[in-house]
Amino acid sequence: ENLSDPSYQGQILTVTTPMVGNYGVPDRSAIDEFGLPAYFESTKIHCAGLLVQDYSHHYSHWKASSSLGDWLKEQGVPGICGLDTRLLTKKIRDKGCLLGRIEIDLSVPGPDFAKMASPNSR
C-alpha cells in the first residue's frame, strides 16, 4: 500500500523489513464495491524509488498475481536491494528528511544537490 500512497509522491521509500517481495503483489485491476482499488491506495506507484535490505525474487501468497519487481518495472520505478536500510533510517531520524537520488549510470557526473527541489518545501 505504501508504494501507491499519494502522500509519498516523488519520495524514495526506504523499507526496514528484513525481506521484501516474498508476498508478491495482488491483482492491480481488482476493484472494491466502491469502485476503488481493492488492495492499493491508488492506481499507480507514487514513490520515486524503493530501497530494501533484501529482495526475494520468488513470491508465494494466495493473493499474489505478480512480483514486486515486475510491478516496479511496469511503472518505471527503480528499486535497490542490498542496503543497510536500518542504518539509513537512523540517519533520517537524526537529520530529518534528506535529499537523495538513485543514480544508475556511474559515468554520469553527480547531481548538484543545491539545485534539486527539496520535498520539505512542498
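Visitor: What makes A48 count as touching G10, Q11, V77 and P78?

Guide: Contact requires heavy atoms within 4.5 Å, and A48 meets this with G10, Q11, V77 and P78, residues up to four places away in sequence not being counted. The model is a predicted one, in which local features need pLDDT of at least 70 and side-chain atom pairs count only at pLDDT 80 or more, while totals for chains, interfaces and linings use all residues. Residues are numbered from 1 along each chain as its sequence is written, and side-chain values use heavy atoms, with hydrogens and water left out.

Visitor: Why is A48 called partly exposed?

Guide: Buried means under 20% relative accessible area and exposed over 50%, with partly exposed in between (1.4 Å probe, protein chains only). A48 has 36% relative accessibility, so the residue counts as partly exposed. A48 is found in the loop between strand 2 (25-26) and strand 3; strands are DSSP runs of E of at least two residues, helices are runs of H or I of at least four, and both are numbered from the N terminus.

Visitor: Why are strand 1 and strand 5 said to stand at the edges?

Guide: Two strands pair if DSSP finds at least two bridges between them. Three strands form an open sheet in the order 1-3-5, with parallel pairing. Strand 1 (12-14) and strand 5 (79-80) each have a single partner strand, so one side of each is left without a neighbour in the sheet. Strand 1 pairs with strand 3 (residues 49-51) over three bridges, and T14 stands opposite L51 in strand 3.

Visitor: Which residues lie nearest the centre of the largest pocket?

Guide: They are Q11, I12, L13, L98 and G100, from a lining of 23 residues. On a 1 Å grid over the protein atoms alone, a pocket is an open set of points where a 1.4 Å probe fits, with protein on both sides within 12 Å along at least five of seven lines; lining residues have an atom within 4 Å of a point. Strand 1 and helix 2 are the elements that give two or more residues to this lining.
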